[in-house]
Amino acid sequence: MNNPCPTPITLRDNNQMDPLLSWRKEFPILEKSIYMISHSLGAMPRGVRHGLDEYATMWETRGIRAWEEGWWEMPISVGDLIGKIIGAGPGEISMQQNVSVSQWIVLSCFDFANAGKRNKIVSESMNFPTNLYNYHGLQGARLVTVPSEDGMTIPLDRMLEAIDEETALVSASHVLFRSSFLQDLAAITKRAHEVGALVCADLYQSAGTVPVNVRELGVDFAMGGSVKWLCGGPGNGYLYVRRDLWPTLKPRVTGWSAHARPFAFEDGPIEYADNAYRFQHGTPNVPAMFAGIPGYKIIAEAGVENIRAKSQRQTERLIALADEAGMTVRSPRDPNQRGGVVVIDVENGYEVVKELAKRDILMDYRPGAGIRIAPHFYTKDEELEETIQAIKAMSLQAA
Ligand SMILES: Cc1ncc(COP(=O)(O)O)c(C=O)c1O
């Protein structure tokens, strides 16, 4: 007779059923560490070494010809690889150095000082500091930040209420860096467009771990970087701008690469390119882009839907383990409101993280939040248990 009780699924079974684990061999650091810090610095794909070698070989052997043999196109051709991950169309993303630069470019398209009453920027109080610093410093702009009531989430109704006819720009992080709270970008965009405001989304903590489609969402600007979930390393920010807005936008943060004929080096005011080069400025960061390509290809091939399903399962498990260990969880418990990180608060969190790094268990600590733990598509289930056990043991030791 068949056993009516299903066999309990063991960790081993789960790992065997997890096709994403086949990517582990592409990330050398996973052989030597428990890598729970992809929200901060995604593991380096093996292919990066080859990419940087290709860059060096081109420079070494092709010299100046490298520009016309690919380098000049890279801010857009590499942007296309990210476009596949976040739902942008071909040619719609330009590579930038980082989010801060992308913010300057976007903000420089607005003239807040002469905007009359429509000079308001609405954002969540828990937006990433770089974004808020820039809004605070903007001449003529009125910044309204929507507070968090629990230090973890931003009430959607408050966010929607704050967006009115005086709003020029709504800036929202898709996933909050401090707590991993996932904001409803579709609802925010809908409201903003109803009142004639534009939306700038920071996708840094979602792209690569939470499915995003900028075109379906209808956001006007979207930006992020590659250091985290995209495993693309530093120097690879990206900026998406809704195509139909291009002709209306004249960024004051600009440079010769944004000109319609950059190599004519014409005098006088700039005539902007009619494509995404319009949002460029100076010489692009070529080596960084070579380093970014392997990560983008892997994430696209692994599939963000698959990554998300695994992330929801593993973050759920982490929360259960933290609860069992009596730790305070500071991330949303609803998996649909949570990005890829679980934040837990323990005594001496900072010291715990420092000590565990010496033992090759890698996480980070943020004041006012706690220890941020981020499994990614390459994480094994048993690493979740090992992480929580190690934190518990170290926290007791440090007390
Ligand atoms: C949501 C978010 N935005 C922006 C940044 C970083 O900005 P930048 O690319 O300018 O360093 C981070 C992380 O460091 C982040 O988590």
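Visitor: Why is Asn348 called partly exposed?

Guide: Asn348 has a relative accessibility of 27%, and buried means under 20% relative accessible area, exposed over 50% and partly exposed in between (1.4 Å probe, protein chains only), so Asn348 counts as partly exposed. This is a predicted model, in which local features need pLDDT of at least 70 and side-chain atom pairs count only at pLDDT 80 or more, while totals for chains, interfaces and linings use all residues. Residues are numbered from 1 along each chain as its sequence is written, and side-chain values use heavy atoms, with hydrogens and water left out.

Visitor: What makes the phi of Asn348 worth a remark?

Guide: Most residues other than glycine have a negative phi. Asn348, which is not a glycine, has a positive phi of about 55°, and Cys231 also has a positive phi, near 55°.

Visitor: Why is Cys231 called buried?

Guide: Cys231 lies in the loop between β7 and β8, and its relative accessible area is 2%, which is under 20%, so Cys231 is buried.

Visitor: What makes residues 237–241 a strand, β8?

Guide: Strands are DSSP runs of E with at least two residues, and helices are runs of H or I with at least four, numbered from the N terminus. Five of the five residues of β8 are buried, with Gly237, Leu239 and Val241 on one side and Tyr238 and Tyr240 on the other.

Visitor: How do you know that β2 and β8 pair?

Guide: Two strands pair if DSSP finds at least two bridges between them; β2 (residues 93–96) and β8 have four, in the antiparallel sense, so they pair. Ser94 has Leu239 as its bridge partner in β8.
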